[in-house]
Amino acid sequence: MREKAIERKLVMAVKAAGGIAPKFTSPGFDGMPDRIVLLPGGHIAFVEVKAPGEKPRPLQLARHKLLRVLGFKVYVLDDEQQIGGFLDEIRTT
């Protein structure tokens, strides 16, 4: 499955959960995750979408670490089967 297909399924699942998952672009600050997931109740997380088996680049890992240090949840999604589990985790934090 291609990265775009996984990303599309993510957006649909977030919408079905009552939230939004806008594309995140940060000019001048490369390596940020692809999507911000915003769920009802003020729950937020960042999601990096990859094709199956692909890993984040070193700069992306550094950005993920920075976001986590700031207290945000960051997920790397490379399989559509992961979507439900991470949405449940976001809702409970």
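Trainee: Hi! Which residue follows H1?
Mentor: Gly18 does, and its phi is positive, near 90°. Helices (H or I, at least four residues) and strands (E, at least two) are DSSP runs, numbered from the N terminus.

Trainee: What kind of model is this?
Mentor: This is a predicted model, where local features need pLDDT of at least 70, side-chain atom pairs count only at pLDDT 80 or more, and totals for chains, interfaces and linings use all residues. Residues are numbered from 1 along each chain as its sequence is written, and side-chain values use heavy atoms, with hydrogens and water left out.

Trainee: Back to H1, how far apart are its end C-alpha atoms?
Mentor: They are 20 Å apart, which agrees with the 20 Å that its 14 residues should span at 1.5 Å a residue. The expected span is 1.5 Å times one less than the number of residues.

Trainee: Which residues of H1 are buried?
Mentor: Ala5, Ile6, Glu7, Leu10 and Val14 are. Buried means under 20% relative accessible area, exposed over 50%, and partly exposed in between (1.4 Å probe, protein chains only).

Trainee: What covers them?
Mentor: The cover of the buried H1 residues includes S1, S2, S3 and H3; contact here means heavy atoms within 4.5 Å.

Trainee: And Lys4, buried or exposed?
Mentor: Lys4, in helix H1, counts as exposed because its relative accessibility is 51%. Its C-alpha atom is 8.5 Å from that of Lys50, 46 residues apart along the chain.

Trainee: New topic: how many aromatic pairs are there?
Mentor: Searching the whole structure gives three. One of them joins Phe24 and Phe46 edge-to-face, with 5.8 Å centre to centre and 65° between the planes. Rings of Phe, Tyr and Trp (its six-membered ring) pair if their centres lie within 6.5 Å; planes under 30 degrees apart count as stacked, over 60 as edge-to-face and the rest as tilted.

Trainee: Where do those two sit?
Mentor: Phe24 is in the loop between helix H1 (3–16) and strand S1 (35–39), while Phe46 is in strand S2 (residues 43–49), 22 residues apart. Phe24 is partly exposed at 22% relative accessibility, whereas Phe46 is buried at 7%.

Trainee: Why is the pair of Tyr75 and Phe86 called tilted?
Mentor: Because their planes are at 40°, with ring centres 4.9 Å apart. Tyr75 is in strand S3 (residues 73–77) and Phe86 in helix H3 (residues 83–91). Both Tyr75 and Phe86 are buried.

Trainee: Which rings form a cluster?
Mentor: Phe24, Phe46 and Phe72, linked by ring pairs.

Trainee: Last one: what sits over Phe29?
Mentor: The charged end of Arg63, 3.8 Å from the ring centre. The criterion is NZ of Lys or CZ of Arg within 6 Å of the ring centre and within 35 degrees of the ring normal.
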